[in-house]
Amino acid sequence: MAPTSGGDPRTRVHVVSDVHGNARDLARAGDGADALICLGDLVLFLDYADHSRGIFPDLFGAENARRLVELRTARRFAEARRFGAGLWAGVGQDRASAIERAVRRQYAELFAAFPTPTYATYGNVDMPTLWPEYAGEGVRVLDGERAEIGGWTFGFVGGGLRTPMRTPYEISDEEYAAKIEAVGEVDVLCTHIPPEVPELVYDTVARRFERGSRALLDAIRRTRPRYSLFGHVHQPLVRRMRIGATECVNVGHFAGSGRPWALEW
């Protein structure tokens with residue numbers, strides 16, 4: 001820990017979310033910090049900005065990736081699912097196995113890049129069942145759980161809520177609310193998705209409202225943590241706002257910026 005000008009020790013943590021395959025910058029994300037916090041979405045399935053990157057274009061090519069992005073952005077989800085199903089039918093391989101192999105390759109590289117200590121929770125595109133195989137001794141995985149860092153209590157809730165996108169780790173509102181309840185009162189509430197506030201859930205590039213959590217918003221108002229930290233919305237209308245006593249912060253789209261958000265106390 002670095003001393004302040006008065007000689008008192010201080011704690012500094014760096015926070016990332018939506019890593020989406022950016023192992024190069026992840027390896028440096030903990031530099032100068034006492035700990036790294038990762039709020040999920042390690043996997044890169046489809047890059048909406050660069051259609052040549054991710055599991056989908058690796059399997060089906062950039063032009064098909066561009067078409068899928070086009071359909072999803074237009075909210076033509078049923079048509080997007082039919083388009084994807086047609087591509088898989090022409091490949092002649094088991095979809096789940098092919099995706100898992102690709103995810104494993106990404107996880108091997110990404111978990112190796114985590115510094116010690118790292119505190120991590122899942123994003124909606126992650127596959128939690130695989131994490132125990134890759135999380136080494138210096139990586140603590142938490143979901144519906146708490147940890148103490150530098151005298152502050154941090155609560156962690158991973159995953160997303162169900163959407164037409166059908167990403168791998170989407171759960172019911174009831175299950176998500178139960179995890180929020182299990183965390184209880186904390187100094188910092190760390191989640192992948194934001195609270196259900198229009199300015200925080202609207203993506204200005206995708207031109208749609210992502211799903212935020214009403215249970216998270218209620219917990220912020222009720223328990224008044226110092227901070228609510230989250231990601232998920234890559235280009236939010238508002239990155240930071242106060243809800244009562246709580247500073248709510250979208251820590252940023254790490255895949256694009258390569259920079260962690262810093263918290264010091």
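## Asparagine 124, a buried polar residue

At a relative accessibility of 7%, asparagine 124 counts as buried, a word that here means under 20% relative accessible area, while exposed means over 50% and partly exposed lies in between (1.4 Å probe, protein chains only). The residue is found in the loop between strand β3 (118-120) and helix α6 (131-134), where helices (H or I, at least four residues) and strands (E, at least two) are DSSP runs numbered from the N terminus. This is a predicted model, in which local features need pLDDT of at least 70 and side-chain atom pairs count only at pLDDT 80 or more, although totals for chains, interfaces and linings use all residues. Residues are numbered from 1 along each chain as its sequence is written, and side-chain values use heavy atoms, with hydrogens and water left out.

Leaving out residues up to four places away in sequence, asparagine 124 touches Asp41, Gly159, Gly160, Thr167, Pro168, Tyr169, His192 and His232, contact being defined as heavy atoms within 4.5 Å. With histidine 232 there is also a polar contact between the two side chains, at 3.2 Å; such a contact is a pair of N or O atoms within 3.5 Å, and within protein one must be able to donate a hydrogen and the other to accept it, while residues adjacent in sequence count only if both atoms are side-chain atoms.

## Arginine 211 and its partners

Arginine 211 is found in the loop between β11 (208-209) and α9, and its relative accessibility of 29% makes it partly exposed. Apart from residues up to four places away in sequence, arginine 211 touches Leu161, Arg162, Thr163, Asp173, Ile193, Pro194, Glu196 and His232.

Two of these neighbours can be described in more detail: the side chain of arginine 211 reaches the backbone oxygen of arginine 162 at 3.1 Å, and a polar contact of 3.0 Å joins the side chains of arginine 211 and aspartate 173.

## The nonpolar cores

In soluble globular proteins, nonpolar side chains tend to be buried together. A nonpolar core is a set of buried Ala, Val, Leu, Ile, Met, Phe, Trp, Tyr and Cys residues joined through side-chain atoms within 4.5 Å. The largest one in this model has 56 residues, and those with the most contacts inside it are Val16, Val19, Leu26, Leu42, Val103, Tyr107 and Phe114. Among the elements that give two or more residues to this core are α1 (23-26), β2 (35-38), α4 (77-91) and α5 (95-113), and α5 gives the most, with eight residues.

Phenylalanine 114, leaving aside its neighbours within four places in sequence, is in contact with Leu26, Leu36, Cys38, Leu42 and Val139.

## Salt bridges

Side chains of opposite charge can pair when their charged atoms come close. The structure holds 20 salt bridges, each being a side-chain nitrogen of Lys or Arg within 4 Å of a carboxyl oxygen of Asp or Glu. In one of them glutamate 264 pairs with arginine 10, the closest N and O atoms being 3.3 Å apart. Because glutamate 264 lies in strand β15 (residues 261-264) and arginine 10 in the segment before β1 (12-16), the pair ties together parts that are 254 residues apart in sequence. Glutamate 264 is partly exposed, with a relative accessible area of 40%, and arginine 10 is partly exposed as well, at 28%.

Another salt bridge joins glutamate 210 and arginine 208 at 3.1 Å, N to O; glutamate 210 is buried at 16% relative accessible area, and arginine 208 is buried at 9%. Arginine 242 and glutamate 247 also meet in a salt bridge, at 2.7 Å from N to O, and glutamate 247 is buried, with a relative accessible area of 12%. Salt bridges that share partners join Glu63, Arg66, Arg67, Glu70, Arg76 and Glu79 into one network.

## The chain as a whole

The chain has 10 helices and 15 strands. Its radius of gyration, taken over C-alpha atoms, is 18 Å, close to the 18 Å that the globule rule gives for 265 residues, so the chain is as compact as a globular protein of that length; the rule is 2.2 Å times the number of residues to the power 0.38. Of the 265 residues, 52% count as buried, and among contacts between residues at least 6 apart in sequence, 56% join residues at least 24 apart.
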